[in-house]
Amino acid sequence: MGQASLAVRAIPLLNLRAQYQAIREEVMAAMARVVDSQQFILGEEVRELEKEIAAYCGTQYAIGCASGSDALYLALLALGIGQGDEVLTSPFTFFATAGEIARVGAVPVFADIDEHTFNLDTALVAERLASHPKIRAIIPVHLFGACADMDPLCELAAGRGLPVIEDAAQSIGAEYKGRRAGSMGRVGCFSFYPTKNLGACGDGGILTTSDPQLAGRLGALRVHGSTDKYVHQWVGINSRLDALQAAVLRVKLRYLDGWSAGRKRNAECYRGRLAGSSAPVITPVSTAYQTRHVYNQFTIRCPERDGLQAYLKERGIGTEIYYPLPLHLQPCFADLGYRKGDFPVSERMAGECLSLPVQAELAEDDIDYVCGTIQSFYYESSI
Ligand SMILES: Cc1ncc(COP(=O)(O)O)c(C=O)c1O
């Protein structure tokens with residue numbers, strides 16, 4: 001890779017148009033089918049998507065809803081978690097994971113993450129469980145497209161009779177020892193936000209479970225707790241998936257495995273290029289139990305992160321920091337009493353993480369350009 005001779009080009013973090021162009025006709029036809037039917041809410045398209053997602057994730061049921069955030073909220077509600085309860089999760093995740101715990105009236109309790117996987121550190125989870133008798137559920141997050149270490153987490157939860165709610169918003173299709181994200185806990189929560197590996201043309205979400213009673217309750221809670229027309233068994237919310245989104249998602253689901261394979265190919269390419277360069281960045285680890293990583297993000301670590309990000313931006317390369325402020329330090333959680341230093345791994349990751357473009361449509365020379373530019377940054381910093 002040359003040092004200072006790279007011509008600037010534009011590589012956004014994610015170029016959704018590049019993905020859309022290849023499937024435009026199918027997407028438009030699916031949308032036209034829904035508009036022609038004038039059936040916009042739930043209905044046949046959503047039922048078919050639910051069947052397809054359940055089959056894809058290896059569960060008996062899937063229940064569509066309006067967003068990944070609502071999926072988490074509905075899961076907590078359906079499991080009867082609320083005021084006076086605590087729920088254990090990671091402080092290094094998108095805000096919704098903890099925000100939805102607070103939204104049902106419960107208190108988020110955090111345990112730090114493992115720096116190699118960015119996911120919950122099970123030894124620390126065990127400590128938190130021992131010191132917090134009010135914990136009523138555990139929400140492991142499968143961050144960036146790779147599963148948390150589910151066997152020990154599920155074992156710890158079972159020891160206390162606690163349900164595990166998987167936050168699989170970023171990890172559709174990811175596998176843990178051959179099992180799919182969303183099929184290992186009592187319930188899995190997915191987001192169809194457009195930047196997710198399976199993204200809608202707007203907001204959307206889905207829950208997965210193999211528990212028939214829970215599935216029934218979730219199906220009711222998303223329509224104001226209604227089991228029969230105008231009969232409300234519980235107080236739920238309006239969180240319906242619309243048919244336009246379901247129709248688009250059904251088209252995209254057929255391409256998902258190909259896109260995931262492309263992301264993996266690009267991740268391996270980055271690993272090879274960066275390992276062979278003099279740039280001292282740490283590339284993400286895929287552990288033996290993470291039998292399928294779907295790379296919603298390819299996140300490197302380096303202490304010079306902010307300088308590197310600015311350098312890449314000047315040269316047309318889009319990157320993002322997921323996440324710059326861990327959840328225990330968010331202003332809205334100040335009254336929980338956490339302080340800087342409480343979760344040192346999450347705090348360090350917040351200062352070092354940088355996500356690079358990894359979508360399937362990238363060409364090998366795009367990755368060469370990104371890696372060459374990273375190497376130039378370190379080269380120029382050293383002279
Ligand atoms: C880990 C995680 N949990 C929950 C969510 C919430 O999903 P949504 O944006 O669809 O509400 C997201 C999405 O950004 C996420 O990344």
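I looked up His224 first, and with 16 C-beta neighbours inside 10 Å it counts as partly exposed, a class that lies between buried (20 or more other C-beta atoms within 10 Å of its own) and exposed (12 or fewer), with C-beta atoms placed from the backbone. Its phi is near 60 degrees, a positive value in a residue other than glycine, and I found His224 in the loop between helix H7 (212–221) and strand E10 (226–228). Helices (H or I, at least four residues) and strands (E, at least two) are DSSP runs, numbered from the N terminus.

I noted that this is a predicted model, in which local features need pLDDT of at least 70 and side-chain atom pairs count only at pLDDT 80 or more, while totals for chains, interfaces and linings use all residues. Residues are numbered from 1 along each chain as its sequence is written.

I then turned to Phe144, which is not a glycine and yet has a positive phi of about 65 degrees. Phe144 sits in the loop between strand E4 (135–139) and helix H6 (150–160), and it is buried, with 24 other C-beta atoms within 10 Å.

I also checked the peptide bond from Tyr322 to Tyr323, which is cis, with omega near 5 degrees; Tyr323 belongs to the loop between helix H9 (305–314) and helix H10 (344–352).

Last, I looked at the domains, whose bounds come from an automatic or database domain assignment: domain 1 covers 20–111 + 118–250 and domain 2 covers 257–382. Their C-alpha centres lie 25 Å apart, and 25 residues of domain 1 are in contact with 23 residues of domain 2, contact meaning C-beta atoms, placed from the backbone, within 7 Å.

Terms used:
Contact = placed C-beta atoms within 7 Å.
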